[in-house]
Each structure stands twice: as structure tokens, then as C-alpha cells.
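Please read them with the structure open.

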Amino acid sequence: MVEPAHLAARRQHPDRRWWRPDWTARVALIPALIITIVCFYGFIVWTFIISLTRSRLLPVYNFTGFDQYARLFANERWWTSMQNLAIHGCLFIGGCVVIGYGLAILIDRGVRGEGLFRTMFMMPLSMSFIVTGVIWQWVMNPTLGLQEAVRDLGWVTFEFNWIVRQDRSIYTLAIAGIWQQVGLCMALFLAGLRNVDPNIWKASRVDGIPVWRVYLHIITPMMRTVFFTVFILMSAIVMKAFDLVVALTGGGPGFSSDLPARFVVDHILNRQELGMGAAGAFVLLCTVLAVISPYIYFELRKARGAH
Amino acid sequence: MTRFTKVAGLTALLLAGASASSLNAQTAEVLHWWTSGGEQAAIAEIRKGYEARGGEWIDTPIAGGSAARAAAVNRMLGGDPATVFQFAIGEQLRELADQGLLADVENVAAGQGWDDKLPPLIMQAAKHDGKYIAAPINIHGENWMFYNGAALEKAGVSVPKSWPEFIETAQKLQDAGIIPIGLGGQPWQERILFNSVMLGVAGRDFYARAYSTLDEDLLMSDTMLKVFETFAALKPFVDEGSPGRRWNEATAMMIDGRAAFHFMGDWAKGEIIAAGIEPGSSVGCVFAPAEDLAYIMTVDVFAFSNIDTDAARAAQEKMAGVMFDPDVQIAFNQKKGSIPARMDIPNDSFDDCAQYAIKTIQDPNTHLVSTGLFGVPSSVSGAIDDTISNFWNSADMTPEQGRDSFRQAIANAK
């Protein structure tokens, strides 16, 4: 093996340590580090501090303990939005994984016109959540969308009015969200499937194992890292889901399809409830950490153990 | 010419130029959220008035009320405030004043006699420590009931005078295949309907007391239960597509006769005029059914940043003067669809609906606040919208539960 140039250089000049490339790399990282510490961790701390005050329009520092949290937890809309986050999170991530993986397998089986299908499923991804929301709002609106169209065709009892029903509106978010993101998941899974050693397929054919069992018991466990990537990406999208709700349902009817991110933005910007908004943001952060960190920890430990 | 005179002459010229420009440079940056066609035409009237008096206007429009308010506050905190900015009067503006971020325009107000010319409710809301911190330019009314005359005729009904009558009328309209209420299904629009019902069922004194005191006994009273019962009785008269609908789509439904009634603020007149109809003709405007004559008011104001330069102060005072000028208020409000904030302006140049509103508000007892932007703290305002919208869209909440969640949300937000 050829020795990398910088290692060779270091051996020749052991005293000129400040010139070492990894040193300069570290220096170059300092701005990014500062930005991360200040803008990320710094503002998390600041948000927490604000949540302990009675700030309304402007940040003020008269502390009231956990008063804002008490108000938050007494708020019906907050609990609805947290419950919605759980429902939406499960449906959206689950839907993206299952449908995305399914599509990837179908394409991997060698359908004709693979390129066409890939493009078709990836297309929605090029649209923003706002556009996605507006399109689906039209499609699902009972008086001008799908329901009306089907009724006009003659099936007059056809009903698809989830978007105007308080008990169903949250599911419309998952429909629109999955429609948009499933292409990305499919692409990731497809990339994973293409990396599978062809010899595995040859061996399984020799052994006469049915295709579905190969996918279920051999390929899927091999795709663990891809599942992990998809899960993390989709979780991030769920947590910050804001624009989709705004465009699709506006949180309604009532506040039945509200999500915590929208609750927080609404209270900080529209209602001058800076303190309560900050409390909401902090609770959201803690919830997310509580749910996601065990999984990340588990996965990373396993990955490290495998080496 | 000696060198000295040359230099002296040049200096004098420069000085003269400098002082002239500092006299004339009443440059005002105006931050506002009026970006739609009719709104732009309206604010252009203020601009015209300001420029006619020698001021220079820098326009900073930001779409969306809450985005514009946030931008105004952020710029103030960042040390680069807009000279004049549109805002909502009430608690938020007082909070800015408490922090010393606002300038007052008391000199101009005293000179023009604002105290005698503004409705008392608006006068109080525009003051902080006895000084005016905001210049009110107009009054919008929110308890209007617009109706399509042809649709009513088709069903053989007339304009109802009370809520029980309204429900009977609505039933007949529905039987005739007309949507009785064209309702935009966003929380604030549902709240406008609710407040009109509350005024009609509970009366204006109750309305005024309930929203000014937010008293728990009033909110839990039998009267309030009746309000919720009446409100709930209206649910069947709205079409399925209402949730999420924007207000102008709902106005359009009423204009083209798909819907008979439409409850909205007087800005809906803009849509009616744009459809080529004179408000008060085939599309009529009356107050929502109520025994007491009353006007639920919301008001547009401009506030002034605390900028400590003579030029900025001069610009702000000039602007306040322009905004209160009778001719500017007339021209502005005809474009905006509202009525002047000044009560002393002759009303013959306005449309029928506006003339009726101007006549109504001559009696101070008719003045009520909207809970939208200035009547109650914004946290309470939001809580009201939340619970009203939740109740309206719920399939199984009883009026008792509605009243209870209303009281609780207000108590929690206070």
C-alpha cells in the first residue's frame, strides 16, 4: 500500500506539527462548530430560559417557574396536537417505509420501463409541502374534489370527506405526506437492493427458496442501515411538519389536525405567547429525544459492535 | 473673486442645501400589510396625502398581518425600526410602549382634537399613559349579514330580524335547494358568526360586559348557554365544503346565489364591488339579527417607532396629521370599504352600507369591540377562536360542553 502523502510529510518533518493537515482541518471546522454551539445548543438553552418567564410579545426575564408549562398542559389544543403527532408520525413513517420498500422491490424485480416508474414516483418530491398541501386540499375537498367527481359519474352515495371531519382530518395529512415522500424512500431502498450481492440470489435459486422468503429473511435484515436512514429522515420531516398542515387543513376543522410545530409558531408569532410557545417547543424537543434517542443509540451501538 | 469668497460661498451653499434638505427630508418608511388590490389603492390615498404635504414615503409592504407585525417588532429590537408601522392596538402595542420602543403623537392629536372625534373605545385603546401612541384610520364592522336578494326571492322568504326567525328562514332556503349560509371555514370566520349570534341572543350590554371583564359568572351563565344553543342550531345550514374555505370564496358563493346569507366584515364589500354590484342593491347588507343596534368594531392603526432624530419625529407627526385629515380618511375608507375612525365626517359620499354604519356609531352605546385584534388580549383572542372553531366543527359536543370549554380556554389564556 502506498503511504498517504501527508503521513509521509509528517514523518519527514516531525517538528512542524502546526502544519499538519488534520490541524488545519480542525481550524477550518471552528466556524461551523461555533455556529452549531451558539445557534443550536445556545438557542435550546435560551428557549428553555424563555419558557420559564412570562414573556408575551417580547422576551422579558421575570421568572415564573414552570407556570407556562402548567398553562400548556391545561391546553386542550396542545394535547390534540401531541396526539396528532403520534398518529401522524406512525402512519407517515410506517406508510413511507412499507410502500417505499414495496415499490423498490417491484422495480428491483425488473419491471419494464423502470426509468419511467422511478421518475413518476420521484416527481412529487420536487414539490414543496405547500404545493402538495394545496393540491390535496383540492382533491379532498368534498364539494369540488374527488367526492364530487365520483358522484358526478353516477355513484351518488360515494363519500370521501375526511378533510372536513374532525375525527378523520389527521389521516389526510399522512396521505398527502406519504404521496410526497414515498419516492425518496423508494430510491433509498432501491439503492440498497442494488447493492445486494447477486451471488445471494444465485444461491437461493439453487436452494429453491421462494422469492418472498429471500426478501423477508435474507435481504431485509441486510438492509438494516437503509431502514435506519429512512427512519431518521422521515422522523425529521414529521417533527418539523408545519407547512403541510398550514396548506392542507390549516390545522382544522377546529384544531383537530393541528401539530405541535404549528401550535408553537402560532403562539409565538400570532398570539404573542412567547413564553408558552417556548414551553411547547421545549416539551416537543424532549418528546422527540425520548422517542428517537433509544433507537439511534441502539443502532449506532450495533453498527460499532459489527466492526 | 478671491479664494476666500469662493470657499465661503460654497460653504454657505452647502449649509443652505443641508438645512433645506433636513427641513424637507421628512422621509417616512411605512411598514404595512396591505398588499391586495383594494388595500393598495386605499393606502395609496394616505401616501398621496403625505406626499402632497411635502413628505417622502418609502413603502415597505409585507404580506400577512402577523408576518408584518413580527417584522416591525424584529426591526425595532434590531435597532433599525420603520418610521411608521401598521399594528394592532391593544395589549401588544402597550407592551411595546412599556419597553420604550414607541413614540407618541400627542402634540398632533391635541392640535387636531382627536379626543372629541374618535369613538371612546378606540380612543382609550390608542392611548398609553394618556398619550396617543397610535393613529386610528378606520373602523371595520364585523356584524354584517350580507344576503343575495334573488336567492331569498326564489325561496319566498324575507330578511329575518331575529335568530329564531333566521333558523326558520334557513330551513326554507335549504328546502329550496339553496345553501342558507355561505361560510368560510377558518377559525376567525367562524368566530365572526359566533360573535354576531352572541350579540343577537345575549344583547349588546351582555356582549360588552362579557368581553371587557371576561367574568367567569357571565361566561357560565344561562344566557351564554342560549348563545351556544343558537350557534349549534346553525350547523346544518352550512355546506359540507365549508371547513378551510377562504372568506372571499364564501363571499363569492353568496354573490352568485349558491348561498343566501354571508356573515363577514365590511371588507366583503370589496368583493361585491369587484363583481360589478353596488352594495345595498341586489346584494344587500344589514346587521346580523339583533334587537339592540350595535356595531362590532375592529380598527386599523399605525404606530410610531421611537427614533430620536428631529427628522424622524417631524415625519411621524406629519404622518399622524395626514392620517387624521378628513379628506384622507374619506378617500382611504371609500377604497378600503370601511368607515372613517373620525365620527365627525359627513357621510353622503359613502355607499348605503357605510352610511348606515356611520349613522349607527353616532350613538356610543352601539360601540362594541371585535375579539379579533383589539378587544381582548391576543392570547385570549386566539383561545376564543380555537374553542369556537372546535365547537362549531365538532359532531358530538353539546352546548354545555361548548360553553364550558369556552370559559376554560379564556381563563387559561387570561
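Which residues of helix 2 of chain B meet helix 16 of chain B? The first point takes this up. Keep in mind throughout that the model is predicted.

1. **Helix 2 against helix 16, chain B.** From helix 2 of chain B come B:I46, B:G49 and B:Y50. They meet B:K318, B:M319, B:V322 and B:M323 in helix 16 of chain B. By class, this contact has five nonpolar, one polar and one charged residues. Helix 2 covers residues 37–52 and helix 16 covers residues 310–324 of chain B. Their axes come within 9 Å and cross at roughly 125°. Helix 2 and helix 16 of chain B are therefore oblique to each other. The crossing is right-handed.

2. **Helix 2 against helix 17, chain B.** Helix 2 of chain B also packs with helix 17 (residues 326–336) of chain B. Here the angle is about 170°, and the axes are 7 Å apart. That angle makes helix 2 roughly antiparallel to helix 17 of chain B, because angles over 145 degrees count as roughly antiparallel. Helix 2 of chain B contributes B:G38, B:E39, B:A41, B:A42, B:E45, B:I46 and B:G49. Helix 17 of chain B answers with B:V328, B:A331, B:F332, B:K335 and B:K336. The contact divides into six nonpolar, two polar and four charged residues. Note B:I46 and B:G49: they meet helix 17 of chain B, and they also meet helix 16 of chain B.

3. **Helix 8 against helix 11, chain A.** In chain A, look at helix 8 (residues 169–194) and helix 11 (residues 224–239). Their axes come within 10 Å and cross at roughly 165°. So helix 8 is roughly antiparallel to helix 11 of chain A. Helix 8 passes helix 11 of chain A in a right-handed crossing. On the helix 8 side of chain A are A:Q181, A:C185, A:L188, A:F189 and A:G192. On the helix 11 side of chain A are A:V226, A:T229, A:V230, A:M234 and A:I237. This contact has seven nonpolar, three polar and no charged residues.

4. **A four-stranded sheet in chain B.** Chain B holds an open sheet of four strands in the order 8-9-7-10, with mixed pairing. Strand 8 and strand 10 of chain B are the edge strands, and each pairs on one side only. Neighbouring strands are turned by 20° against each other on average, direction ignored. Strand 7 and strand 9 of chain B pair in the antiparallel sense over four bridges. Across that pair, B:F146 has B:H262 in strand 9 of chain B as its bridge partner.

5. **Helix 14 on that sheet.** Helix 14 of chain B packs on the sheet and touches strand 7, strand 8, strand 9 and strand 10 of chain B. Its direction makes about 145° with that of strand 9 of chain B. Which residues of helix 14 of chain B are buried? They are B:W247, B:A250, B:T251, B:M253, B:M254 and B:I255. After helix 14 of chain B comes B:G257, with a positive phi near 90°.

6. **Strand 6, chain B.** Strand 6 (residues 134–141) of chain B is mostly covered, with eight of its eight residues buried. Seven bridges join strand 6 to strand 11 (residues 295–304) of chain B, and the two run antiparallel. B:P136 is bridged to B:V301 in strand 11 of chain B. Strand 6 of chain B also pairs with strand 12 (residues 339–340) of chain B, antiparallel, over two bridges. There B:I139 stands opposite B:I339.

7. **Strand 1, chain B.** Five of the six residues of strand 1 (residues 27–32) of chain B are buried. Its pairing with strand 2 (residues 56–61) of chain B is parallel, over six bridges. B:E29 stands opposite B:I58 in strand 2 of chain B.

8. **The chain A and chain B contact.** How many residues does each chain give? Chain A gives 28 residues and chain B gives 25 residues. On the chain A side, helix 4 (76–108) and helix 13 (260–270) are the elements that give two or more residues. That side divides into nine nonpolar, 13 polar and six charged residues.

Key. Residues numbered from 1 in each chain as written. Chains lettered and ligands numbered in written order. Predicted model: local features only at pLDDT ≥ 70, side-chain atom pairs only at ≥ 80, totals over all residues. Buried ≥ 20, exposed ≤ 12 C-beta atoms within 10 Å, placed from the backbone. Pairing = 2+ DSSP bridges. Contact = placed C-beta atoms within 7 Å. Nonpolar A, V, L, I, M, F, W, Y, C, P; charged D, E, K, R; others polar. Axes fitted to C-alpha atoms, helices over the stretch in contact; angles between N-to-C directions. Parallel < 35°, antiparallel > 145°, perpendicular 65-115°, else oblique. Left-handed = near helix turned anticlockwise from the far one by under 90°.
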